[in-house]
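These are my notebook entries on one protein chain, written as I looked things up.

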Amino acid sequence: MTARTIPTAFVHRYLAFSPDNHVDLSGALRTAGIDLETLSDPRARLTPTQVTTFIQSTWQITDDELFGLGSAPVPRGTFRLICLTLIHCPDLGSAFGRMSDVIRALPALAPLSIEKGEESTRVSFAVRAREGIAEPDVAERVTTDFVLILLHRFSAWLIGKRVRLRAVEFPYSAPDARLAQDYDYIFGAPVTFGAQRAALEFDNSAMRAPIIQTEETLEEYLRESPIQLMSERDYDSTASAQVRRVLELGVKGRTSTAEEIAEMLSISIPHLRRLLRRDGTSLNQLREEVLRDVAIAGLRRGESVEVLSARLGFSEPSAFRRAFKRWTGDTPSSYR
């Protein structure tokens, strides 16, 4: 299955703070194979591997696991130490309780507030940017995004199964519609912007789930970090995610009809369309996204336009080139 590509905005934001931090991140961009022209195009997309490589290089350059954007530096290895205190907890709820206790001893990290209800548990925090940074609001947004994704995906890894969220809250205004759809995809739950604090609301059944990981599997997880945050697909349970998986199962993103997809999901065609509209998308839009992501991944691996054109069901390479330009605003050659 092809991992969904990522908007350039998720990397472009980091670069806004390089002058403030007196850090040159051009080397991190080169290592990740990201050029400034692609990065400045809001329609362009990056692969999870590219974003992971950029983040890993930025960690090395800044020696800070929050990239120099937090209220104080977070030395590399801090996340590993926190994880080691959690891995032997009996269940996810206990792990969050211990995480909250540990973070209190680390002033660079935002304290967690845990509110337990009868059916759900709300985990919230408020990020503070360091003093003197030129755009603290944007710095807080970047850091909040990273921490919320980390809390959700790491929780699922700890218990070895999907964690369905009841709600996700962001303490800033909504981004443009294209980016907002990516937030919905990332969390697989209703995303609210403009809240007082950043928050995730977990069903208590998830909080009771036992921790199944070990120190050995943790080391493997940390070696690959943070690619799991960017590419893991099992936590998204929306109708649009299920349809996307069906489309991805065929090499050619155009082959599955509405009738075939509805039958596979055991629902009617009108109900399928209603569910997709509720997710803010359509079958045709999902086809285009699948084709786009497969095309970008193939070009990154060195496949030719001719091979990709045939593999994705286009009548000729020129048709593939026109579609690629429509998807990304650029030519296939720019992604090689």
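Entry 1, terms and source. I take helices (H or I, at least four residues) and strands (E, at least two) as DSSP runs, numbered from the N terminus. The model is predicted, so I note that local features need pLDDT of at least 70 and that side-chain atom pairs count only at pLDDT 80 or more, while totals for chains, interfaces and linings use all residues. Residues are numbered from 1 along each chain as its sequence is written, and side-chain values use heavy atoms, with hydrogens and water left out.

I looked up Y14 and found its place in helix 1, which covers residues 9-15. Is Y14 buried or exposed? I call a residue buried under 20% relative accessible area, exposed over 50% and partly exposed in between, with a 1.4 Å probe and protein chains only. Y14 counts as buried because its relative accessibility is 10%. I then listed what Y14 touches, where contact means heavy atoms within 4.5 Å: leaving out residues up to four places away in sequence, the list is L25, F54, F67, L69, V142 and F146. I also checked Y14 against V138, which is 124 residues away along the chain, and the two C-alpha atoms are separated by 9.1 Å.

I counted 18 helices and 7 strands in the secondary structure of the chain. The chain has 336 residues, and buried residues make up 53% of them. Of the contacts with a separation of 6 or more, 69% are between residues 24 or more positions apart. The accessible surface, found by the Shrake-Rupley method with a 1.4 Å probe and, for residues, with only the protein chains shown as cover, comes to about 15600 Å², and 51% of it belongs to carbon and sulfur atoms.

A nonpolar core is a set of buried Ala, Val, Leu, Ile, Met, Phe, Trp, Tyr and Cys residues joined through side-chain atoms within 4.5 Å. Which residues touch the most other members of the largest core? I found F54, F96, F154 and F187, in a core of 71 residues. Helix 8, residues 136-159, gives the largest share of this core with 13 residues.

I placed S57 in helix 5, where S57 counts as buried because its relative accessible area is 11%. Beyond residues up to four places away in sequence, S57 touches A28 and T31. R76 lies in the loop between helix 5 and helix 6, and R76 counts as partly exposed because its relative accessibility is 45%. R76 touches W59, Q60, D63, D64 and E65, again not counting residues up to four places away in sequence. R76 and E65 are 11 residues apart in sequence, and their C-alpha atoms are 5.6 Å apart in space.

I count two strands as paired if DSSP finds at least two bridges between them. Strand 3 (residues 113-116) and strand 4 pair in the antiparallel sense over 4 bridges, and they form a hairpin with 3 residues between them. In this pair K116 stands opposite T121 in strand 4, and T121 also stands opposite F202 in strand 7. Strand 4 (residues 120-125) and strand 7 (residues 198-203) run antiparallel and are joined by 6 bridges, with R122 opposite E201. Strand 5 (residues 165-170) also runs antiparallel to strand 7, joined by 4 bridges, and there E169 has A199 as its bridge partner.
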